[in-house]
Amino acid sequence: DRDGIVNIWAMKPDGSGIRRLTDLDTSSALSGIATNSNGETMVQFSAYLEGDAHRSPRPYEVSIRGGEPRRLHDAFGSRGIRSPDGQKAAFERGNVRPHRRHYRGSDRRDVWIHDQSLDTFRKASAWEGNDMAPRWAGNEAVLYLSDRRNDTHNIHRTSLANDTTEALTDFEEIDIASFDATPDGRRMVLHRWDTLYGLDLNDAD
């Protein structure tokens with residue numbers, strides 16, 4: 001927010017080469033980075049750019065080279081991220097505060113999948129509580145935080161091929177605040193309270 005508005009910036013790993021990717025007059029929230037179906041590196045973010053009557057952000061993306069943002073798809077939502085092959089996008093809908101673990105109302109957070117080639121949408125799971133913060137595990141599975149286990153936000157993985165869901169972590173009481181994963185979903189880093197953890201699904205131990 002160096003100019004008073006949260007825009008999207010990029011820099012090299014050593015902190016040099018800082019450059020601005022967006023020039024928006026409303027704040028944005030970074031979601032992730034992935035390639036589109038044409039192989040171009042795109043940065044995904046959510047924002048209120050269009051003055052919609054419905055008070056929810058939309059997911060957008062902009063080229064890593066900068067330029068005009070464009071919708072990731074036409075639905076409302078946030079935290080949009082493309083699959084590794086660029087053909088699908090996972091995103092989050094709902095605005096209830098995440099710490100309301102027993103909330104089962106219409107504003108709960110759900111993870112949705114958009115198939116670009118078919119222009120169709122589907123929910124990642126039928127859980128009536130909160131699912132949020134999606135990441136991809138290859139092109140046919142999605143990772144996300146869910147409060148369905150232990151009344152605590154743990155990482156879950158849903159296969160889009162057979163609609164099965166499994167828990168990958170089993171914390172109690174203190175939520176996982178955030179996480180990220182490699183594109184194949186085999187390695188993750190997660191933040192819980194004051195600790196960063198690494199999770200390697202290739203390691204049987």
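Which strands form an open sheet, and in what order? Four strands do so, in the order β3-β4-β5-β6, with antiparallel pairing. The tour starts there, after a note on the model.

This is a predicted model, in which local features need pLDDT of at least 70, side-chain atom pairs count only at pLDDT 80 or more, and totals for chains, interfaces and linings use all residues. Residues are numbered from 1 along each chain as its sequence is written, and side-chain values use heavy atoms, with hydrogens and water left out.

**Stop 1: the open sheet**

Strands here (E, at least two residues) are DSSP runs numbered from the N terminus, and two strands pair if DSSP finds at least two bridges between them. Strands of a sheet pair through backbone hydrogen bonds, either parallel or antiparallel.

Select β3 (28-35) and β6 (70-71). These two strands stand at the edges and have a single partner strand each, so one side of each is left without a neighbour in the sheet.

Seven bridges join β3 to β4, and the two run antiparallel. Leu30 has Phe45 in β4 as its bridge partner. The hairpin of β3 and β4 has five residues between the strands, and Gly39 in this hairpin takes a positive phi near 85°.

**Stop 2**

Select β9 (residues 110-115), a mostly covered strand: five of its six residues are buried. Buried means under 20% relative accessible area, exposed over 50%, and partly exposed in between (1.4 Å probe, protein chains only).

β9 pairs with β8 (residues 88-93) in the antiparallel sense over six bridges; here Glu92 stands opposite Val111 in β9. β9 also pairs with β10 (residues 120-123), again in the antiparallel sense, over four bridges. Asp115 stands opposite Thr120 in β10. In the hairpin of β9 and β10, with four residues between the strands, Asp119 takes a positive phi near 55°.

Now select Ser78, in strand β7. Is Ser78 buried or exposed? Its relative accessibility is 13%, so Ser78 counts as buried. Apart from neighbours within four places in sequence, Ser78 is in contact (heavy atoms within 4.5 Å) with Ser46, Pro57, Phe91 and Glu92.

**Stop 3: the nonpolar cores**

In soluble globular proteins, nonpolar side chains tend to be buried together. A nonpolar core is a set of buried Ala, Val, Leu, Ile, Met, Phe, Trp, Tyr and Cys residues joined through side-chain atoms within 4.5 Å.

The largest nonpolar core has 13 residues, of which Leu143, Leu145, Ile155, Ile176, Phe179, Met188 and Leu190 touch the most other members. β11, β12 and β16 (187-192) are the elements that give two or more residues to this core. β12 gives the most, with three residues. Another core, of 10 residues, lies apart from this one; among its members are Val111, Ile113, Ala124 and Leu160.

Zoom in on Leu143, which lies in strand β12 (residues 141-149). At 0% relative accessibility, Leu143 counts as buried. Not counting residues up to four places away in sequence, Leu143 touches residues including Trp136, His156, Leu168, Phe179 and Met188. To see a separation, select Glu40 as well: Leu143 and Glu40 are 103 residues apart in sequence and 23 Å apart in space, C-alpha to C-alpha.

**Stop 4: the empty spaces**

Rolling a probe the size of a water molecule over the atoms shows where empty space is left. On a 1 Å grid over the protein atoms alone, a cavity is a set of points where a 1.4 Å probe fits but cannot get out, whereas a pocket is an open set with protein on both sides within 12 Å along at least five of seven lines; lining residues have an atom within 4 Å of a point.

About 240 Å³ of space lies in the largest pocket. Its lining has 14 residues, with Ile33, Ala34, Ile81, Ala181 and Pro183 nearest the centre. β3 gives the most to this lining, with four residues.

Finally, select Leu72, Arg82, Gln87, Lys88, Ala89, His114 and Gln116, which line the largest cavity. About 30 Å³ of space lies in this cavity.

Conventions: Grid points are joined across faces, edges and corners, and a volume is the space filled by probe spheres set on the points.
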